[in-house]
Amino acid sequence: MKFSIALLDLEKLIRAACPSYSRKADNLTISACQGRVLVECMGASAVMDAAVIVEGTVTVHARSLRNVLKTYRGTLLLELEANAEALRIQTFRMGVV
């Protein structure tokens, strides 16, 4: 999976799909396909248009992803790429579930 999206848009998707009080064990699934990004958490989902380069799906811990995204404040556009081992956000790599 590989796509580009504005940081603010990604944060909106995550807020819409996953409440801020999520537990440490809650997982967040990000899917990119047909020019859209879908975020799912605990049965809720949110979708938005994005520049999808390679389609795919990845699952990460919701709280960990939120903490990583906080470090990118001030960045307009993020590039996310995932495979079976890791999710890459810009130059940072984090583990997947």
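Mentor: A salt bridge is a side-chain nitrogen of Lys or Arg within 4 Å of a carboxyl oxygen of Asp or Glu. The model is predicted. In it, the side chains of Glu 79 and Arg 88 form a salt bridge, with N and O 2.9 Å apart.

Trainee: How many salt bridges are found in the whole structure?

Mentor: The search covers the whole structure. The pair Glu 79 and Arg 88 meets in a salt bridge. The total found is 4.

Trainee: Is Arg 88 buried or exposed?

Mentor: Buried means under 20% relative accessible area. Arg 88 has 18% relative accessibility, so Arg 88 counts as buried.

Trainee: Which residues are joined with Arg 88 into one network?

Mentor: Glu 81 and Arg 88 meet in a salt bridge, at 2.6 Å from N to O. Salt bridges that share partners make one network, and Arg 88 is joined in it with Glu 79 and Glu 81.

Trainee: Which strands hold Arg 36 and Asp 49?

Mentor: Arg 36 forms a salt bridge with Asp 49, and their closest N and O atoms are 3.3 Å apart. This pair links distant parts of the chain, 13 residues apart. Arg 36 lies in strand E3 and Asp 49 in strand E4.

Trainee: Is Asp 49 buried or exposed?

Mentor: Exposed means over 50% relative accessible area. Arg 36, at 44%, counts as partly exposed. Asp 49 has a relative accessible area of 54%, so Asp 49 is exposed.

How values were computed
Residues numbered from 1 in each chain as written. Predicted model: local features only at pLDDT ≥ 70, side-chain atom pairs only at ≥ 80, totals over all residues. Heavy atoms only, no water. Helix = DSSP H or I, 4+ residues; strand = E, 2+ residues; numbered from the N terminus. Buried < 20%, exposed > 50% of the residue type's maximum accessible area, 1.4 Å probe, protein only.
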